[in-house]
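Hi,

Here is the structure I said I would pass on.

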Amino acid sequence: MTDLPQHNPVLAEAAYTGISEAGIRLEALPEGHLLHVLGAIEPSALAAELAKVGLATSSIRQAGFRQWFVAGGEPIVPASLDALAAALAGKAFVTDQSHGRVRIGISGRSSRALLSKGTAVDLDPAVFAEGRSVMTMVGHISVQIVRTGEDSFELTVLRSFAETLWNDLRHMAASAVKDEA
């Protein structure tokens, strides 16, 4: 059967290959896997279960009370998802959000200035340390922001809002660069 639907990354066109302004880099990250885990499980126990099913390099991000996003650059195979769900049975539930959300990377010395134009979250490293995440709004769009390094962040957004967020970030980047000059 050759008429089966094919996955098309939402930010795959040339317009979304990455933007480098002075001090800011935007990039569409690979649409690998994004799992939503809900339940009374600690991150260390979740990490152990992820390692058992071949997802040891995945990142665990808090998404709310007893909620976690598990993100990674590689697609998840159904057998791994089934094994994880079985391992978490009675402790937590897992749903695959891979096709419903998109990740965008923001890095560079002006990355905090860019994000401060769209969100009220205090991104100072003393308050928002590396590895910390928060569900918030960037403008009118709901996103999860994760600090992935000193001057780098990852935003996770619902797929249907990804292009709008990308365009908003491009405009904010141009403004942030002007402000930093």
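Below is what came out of going through it, starting with the ground rules.

This is a predicted model, so local features need pLDDT of at least 70 and side-chain atom pairs count only at pLDDT 80 or more, while totals for chains, interfaces and linings use all residues. Numbering runs from 1 along each chain as its sequence is written, and side-chain values use heavy atoms, with hydrogens and water left out.

Let's begin with helix α1, residues 43–52. (Helices, H or I of at least four residues, and strands, E of at least two, are DSSP runs numbered from the N terminus.) L46, E49 and L50 are the buried residues there, where buried means under 20% relative accessible area, exposed over 50%, and partly exposed in between, with a 1.4 Å probe and protein chains only. They cover an arc of only 105° around the axis, which puts them on the same side of α1; the arc is taken from the directions from the helix axis to the C-beta atoms. The face turned away from that buried side carries the exposed S44 and K52. As for packing, the buried residues of α1 sit against β3 (33–39), β4 (59–64), β5 (67–72) and α2 (78–88). Just after the helix, G54 has a positive phi of about 85°.

E49 pairs with K52, with the closest N and O atoms 3.5 Å apart; both lie in α1, 3 residues apart, about one turn of the helix. E49 counts as buried because its relative accessibility is 11%, whereas K52 is exposed at 64%. E49 meets K91 as well, at 3.9 Å from N to O. That pair links distant parts of the chain, since K91 is in the loop between α2 and β6 (92–96), 42 residues from E49. K91 is partly exposed, with a relative accessible area of 37%. Elsewhere, D124 bridges to R112 at 3.8 Å between the closest N and O atoms. Here D124 is in the loop between α3 and β8 (133–138), R112 is in helix α3, and they are 12 residues apart. Through shared partners, salt bridges join E49, K52 and K91 into one network.

S111 counts as buried because its relative accessibility is 0%. Its side chain reaches the backbone oxygen of D151 at 3.1 Å. Leaving out residues up to four places away in sequence, S111 touches G23, I24, I106, D151, S152 and F153, contact meaning heavy atoms within 4.5 Å.

Cheers

How values were computed: A polar contact is a pair of N or O atoms within 3.5 Å; within protein, one must be able to donate a hydrogen and the other to accept it, and residues adjacent in sequence count only if both atoms are side-chain atoms. A salt bridge is a side-chain nitrogen of Lys or Arg within 4 Å of a carboxyl oxygen of Asp or Glu.
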